[in-house]
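Dear colleague,

I am writing to hand over the structure shown below.

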Amino acid sequence: YQLMTGTSKPTDREILNSCLPLIYTYSTVVTTATYNQMKASGSLRYIQNETITNSLRNYYEVIVPDISSNNNYESNYYNNYIDPFVIKHFRIQDIDYVGDSVKTKDPVILNRTSQTDQELLNIIEGYAVGHRTILERITIPTQKRVTKLIELMKKEYHLQ
């Protein structure tokens, strides 16, 4: 954002170096088989601590579907906006996707104009805002809740 809105026009190399680490998508995979099996068999009733049971239900029945929904949002955004822009404007021979780096001395952004610069800024900043929102509202609070749940289960069942 700072590069694209600065006082001087950035070079193609500067834009690529800044964008490449941001151009990715990933999914969080949560396996629910054990919980589903416990639920279907009635085994959850053996957990006598209601706080643990409620926390497990909340995690698997509320939070996990939210995570899946957010994975879909990020994947759709990537596929609908980022990837088409990259295919249309970035030269594959200039880019090392695995290393998130530019591999040629003078990379070129194809058909670059002030309009495509603004489009790229809108796309990347939109993706970043969505990602930060998911991180701050779901991922970080979920990590804290899960850590507390694990600590509670360790204490309740004398686990190490």
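**Salt bridges and their surroundings**

Arg-91 is partly exposed, as its relative accessible area is 25%. Please note that the model is a predicted one. The side chain of Arg-91 forms a salt bridge with that of Asp-94, with an N to O distance of 2.9 Å. Asp-94, in turn, has a relative accessible area of 0% and is therefore buried, given that the cut-off for this class is under 20%.

In the whole structure, the search identified 5 salt bridges. By way of background, side chains of opposite charge can pair when their charged atoms come close.

A further pair is Arg-112 and Asp-117, whose side chains are joined by a salt bridge at 2.8 Å, N to O. Both of these residues, Arg-112 and Asp-117, are buried.

A salt bridge also links the side chains of Arg-132 and Glu-125, where the N to O distance is 3.5 Å. Arg-132 has a relative accessibility of 39% and is classed as partly exposed. Glu-125 is likewise partly exposed, with a relative accessibility of 25%. Beyond such pairs, there is one network in which Asp-12, Arg-112 and Asp-117 are joined through salt bridges that share partners.

Yours sincerely,
A colleague

Terms used
Residues numbered from 1 in each chain as written. Predicted model: local features only at pLDDT ≥ 70, side-chain atom pairs only at ≥ 80, totals over all residues. Heavy atoms only, no water. Salt bridge = Lys/Arg side-chain N within 4 Å of Asp/Glu carboxyl O. Buried < 20%, exposed > 50% of the residue type's maximum accessible area, 1.4 Å probe, protein only.
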